[in-house]
Amino acid sequence: MLRSALRSFKKNAQHGGCVRRSYCVAPCGAALAFLAVSFAQGQTAPTLKDAYRGLFRIGTAVNAAQFEERDGRGDAIIEAQFNTISPENALKWQSVHPRPDSYNFDLSDRYVAFGERYKMFIVGHCLVWHSQVPQWVFRDVEGKTLTREALLERMHDHIRTVVGRYKGRIGGWDVVNEALSEDGTMRPSPWYKIIGDDYILKAFQFAHEADPSAELYYNDYSLENVAKRKGAVALIRKLKAAGATITGAGLQGHVRIDRPDAQTEAETIEAFAALGIRVNISELDVDVLPRTIRTDSADVSETATGTAQSNPYTSGLTEEMQQRLAKRYAELFGVFVQHHRVMGRVTFWGVTDGDSWLNNFPTRGRTNYPLLFDRDGKPKPAFAAVLEEAKTALRLSWRGAGN
Ligand code: G3I
């Protein structure tokens, strides 16, 4: 029975259920049958990507040491656990286009080759952002601010060159990243100030033109906050009304141990799904440390000085916090599983705790524990909790079948 469920699951994944590259749109009955049989036989799904196959993809952000295969511990985890990758920094403007007249694809070529080697769904992050973009982008040779037309031309050239280079190989792009302020209005970035609010529409048009089959996403953090969420929903509605191709919203998911709550997470996913687009959790991590700044923002320009109280787990996470983290991950994945029909992927922002940007944000040099694998690459209780949540899909389908 297990073999026949597996055969039918594979067939469904290849030919029927998963008609787009990044997500399953069918009820995924065969996948559920496969999970049901494995669980019934007492086999726990051994890896994240297997446990969630047929529901949504499971991914991680990778750094250069990982996609250059110099991080044995991290690489073993990536290959075993994940079926989609995002580049933590390698495809940002400052990495690929450091000077006006030269592109540098050394790192990004290796990133894409790594993804292809391990048959991953490869994400491009990110084309247009106000951060990690050199200041020359906004100035002419004399140092004067560019005109709207000149900046649009520069943006067009960048998108055409970068997306064009990986046409058919990078499956989905974060076209515009973090364009909104916390109150849901347009962030006054140089892109907005120089081009005006149609810069986002233009970016999506240029990206679609460069690779018509690539998925295109709007990506941002704190979209769980009502004001910002409303701003993003209005923005996407406007893009769609103007005829833009937009496949999905990336909810970054830089969350904290106690917020946002499950209900808010569910409402956020539903608000974007109601626009008829896919929802990806694009940069998931759970910050367990006390915040040293007032907001819950993931704005990398916000920094703060630390104290001993703000870095309480330098010699290890307490057992109580490990369990809280596991429960928190279970809560989040419970929501994701419930919404699996509208979700494309859940991507963690880093592989092990030691890799995470949260060791340096908003305060440098702290010891954080936001991911599923510890600094030695060992799975944490949160890992088991996430695997366990895949079974919720079974319970949901059992109830949905009228039981
Ligand atoms: O490359 C330099 C290196 O030459 C220098 O020696 C070193 C000294 O600090 O810095 C290196 O640059 C660092 C870069 O990562 C590459 O490692 C920067 O300082 C550091 O600020 C930068 O941080 C990245 C951050 O984006 C910057 O915005 C994080 O790795 C990356 O995880 C983070 O990712 C962002 C997403 O792109 C968008 N959403 C939020 C997310 C978390 O901030």
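Glu-68, Arg-70 and Arg-110 are joined in a network of salt bridges in this predicted model. In total, the structure contains 20 salt bridges.

A further pair of this kind is formed by Glu-69 and Arg-117, whose side chains meet at 2.3 Å, N to O. Glu-69 is located in the loop between helix H4 (64-67) and helix H5 (72-81), whereas Arg-117 belongs to helix H7 (residues 106-117); the pair therefore ties together parts that are 48 residues apart in sequence. Both partners are partly exposed: the relative accessibility of Glu-69 is 34%, and Arg-117 has a relative accessible area of 44%.

The side chains of Asp-50 and Arg-53 also form a salt bridge, with an N to O distance of 2.6 Å. Asp-50 is partly exposed at a relative accessible area of 26%, and Arg-53, at 31% relative accessibility, likewise counts as partly exposed.

In the salt bridge between Asp-287 and Arg-291, the N to O distance is 3.1 Å. Here Asp-287 is buried, with a relative accessible area of 1%. Arg-291 has a relative accessible area of 18% and is therefore also classed as buried, the cut-off being under 20%.

Key: Residues numbered from 1 in each chain as written. Predicted model: local features only at pLDDT ≥ 70, side-chain atom pairs only at ≥ 80, totals over all residues. Heavy atoms only, no water. Salt bridge = Lys/Arg side-chain N within 4 Å of Asp/Glu carboxyl O. Buried < 20%, exposed > 50% of the residue type's maximum accessible area, 1.4 Å probe, protein only. Helix = DSSP H or I, 4+ residues; strand = E, 2+ residues; numbered from the N terminus.
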